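Here's a quick briefing to read with the model open beside you. Take the topics in any order you like.

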Amino acid sequence: MIYLRNAAAMWTALFPTARLDERLLRVDRPGTTRVILREPPTTATVAEVAGMALQSRVVVEDVFTSPDSPPVFPNSRAVCMPVMDRPPGGLKAAGAPVVEVRDVDTLAAAERVMVDGFPFPQLQPWVRAQALPPRVLQLPGWRVWLAHDAGVPAAAAYTYDDGHATGLYWLATLPGHRSRGLGRSVLSAAIAARPDQVFTLVATEAGRPLYESLGFEVVRMATWHTRPPILTA
């Protein structure tokens, strides 16, 4: 599906050491191993994941298993989120001014908004360039977006164009700046920059109404399985 192809391309562009085969993508980061299933989980796949990175948190994105199914991965907590696509089509950028990030200092500001606004507990406290290293500014297909509120960095996201579709990732607004249309502004600017492409994303339930209002539709429910570390150092 569109999202799986985009996510696999994005992660392998960011982490050339990522392991990719026909079954899954594995990305090892400090403290977290990310797995994206590329086909329905088999007994062998479940066993392989169970043995991964025992001293790390493991997060498995699974668009194949029904949210109503019994637990697939032992010792994991499951959360369901919708995968949404938007067909090509023009959309005017509107609302708060949004800039495309082109320098390392602005990238750091956008990174902090995403890490603190989402928020990502595993990336707390925020460390500059830990989540988005400066080289993303040179990677083909990567674009980072930032909106200000009264001159303060307030909402941000990044997109990845794999040549077939554009994926939206980590759209977040800092708590003190929400309900002002900043997330809509960031997303609108990103879509306006590539009106010829399908857009794809995984939505939180809180963000789903915004995406639906801009033409996204649910194409699949994804289950995210999170397993805490099994062993301590």
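Helix 4 is mostly covered, with nine of its twelve residues buried (buried means under 20% relative accessible area, exposed over 50%, partly exposed in between, using a 1.4 Å probe and protein chains only). Helices here are DSSP runs of H or I with at least four residues, strands are E runs of at least two, and both are numbered from the N terminus. Keep in mind that this is a predicted model, where local features need pLDDT of at least 70, side-chain atom pairs count only at pLDDT 80 or more, and totals for chains, interfaces and linings use all residues. Residues are numbered from 1 along each chain as its sequence is written, and side-chain values use heavy atoms, with hydrogens and water left out.

**More on helix 4**

- The buried residues of helix 4 are Leu182, Gly183, Ser185, Val186, Leu187, Ser188, Ala189, Ala190 and Ile191.
- From first C-alpha to last, helix 4 reaches 17 Å, close to the 16 Å expected at 1.5 Å a residue (the expected span is 1.5 Å times one less than the number of residues).
- Helix 4 (residues 182-193) lies across strand 5 (77-86), strand 6, strand 7, strand 8, strand 9 and strand 10 (198-202), and runs at about 145° to strand 7.
- For that angle, axes are lines fitted to C-alpha atoms, for helices over the stretch in contact, and angles run from 0 to 180 degrees between N-to-C directions; contact means heavy atoms within 4.5 Å.

- Eleven strands make an open sheet with mixed pairing, in the order 1-2-3-4-11-5-10-9-8-7-6 (two strands pair if DSSP finds at least two bridges between them).
- Strand 1 (19-20) and strand 6 (98-100) sit at the edges with a single partner strand each, so one side of each has no neighbour in the sheet.
- Helix 3 (residues 104-117) packs on the sheet too, touching strand 7, strand 8 and strand 9 (165-173), and its direction makes about 95° with that of strand 8.

- Eight of the ten residues of strand 8 are buried, so the rest of the structure largely encloses it.
- Strand 7 (residues 142-149) pairs with strand 8 (residues 152-161) in the antiparallel sense over eight bridges.
- Along that pairing, Asp149 is opposite Val152, and Arg143 has Thr159 as its bridge partner.
- Two residues separate strand 7 and strand 8 in their hairpin, and Ala150 in the turn has a positive phi of about 55°.
- Strand 8 also runs antiparallel to strand 9, joined by six bridges, with Thr159 opposite Leu168.
- The hairpin of strand 8 and strand 9 has three residues between them, and Gly163 in its turn has a positive phi of about 95°.

**Salt bridges**

- The whole structure has 14 salt bridges (a side-chain nitrogen of Lys or Arg within 4 Å of a carboxyl oxygen of Asp or Glu).
- Asp149 and Arg180 meet in one of them, at 2.4 Å from N to O.
- That pair links distant parts of the chain, 31 residues apart: Asp149 is in strand 7, and Arg180 is in the loop between strand 9 and helix 4.
- Asp149 is buried at 15% relative accessible area, whereas Arg180 is exposed at 51%.

**Confidence**

- The protein averages a pLDDT of 92, and 98% of the residues score at least 70 (pLDDT is the predictor's confidence in each residue, from 0 to 100).
- Confidence is lowest in helix 2 (residues 43-50), at a mean of 91, and highest in strand 10, at 98.
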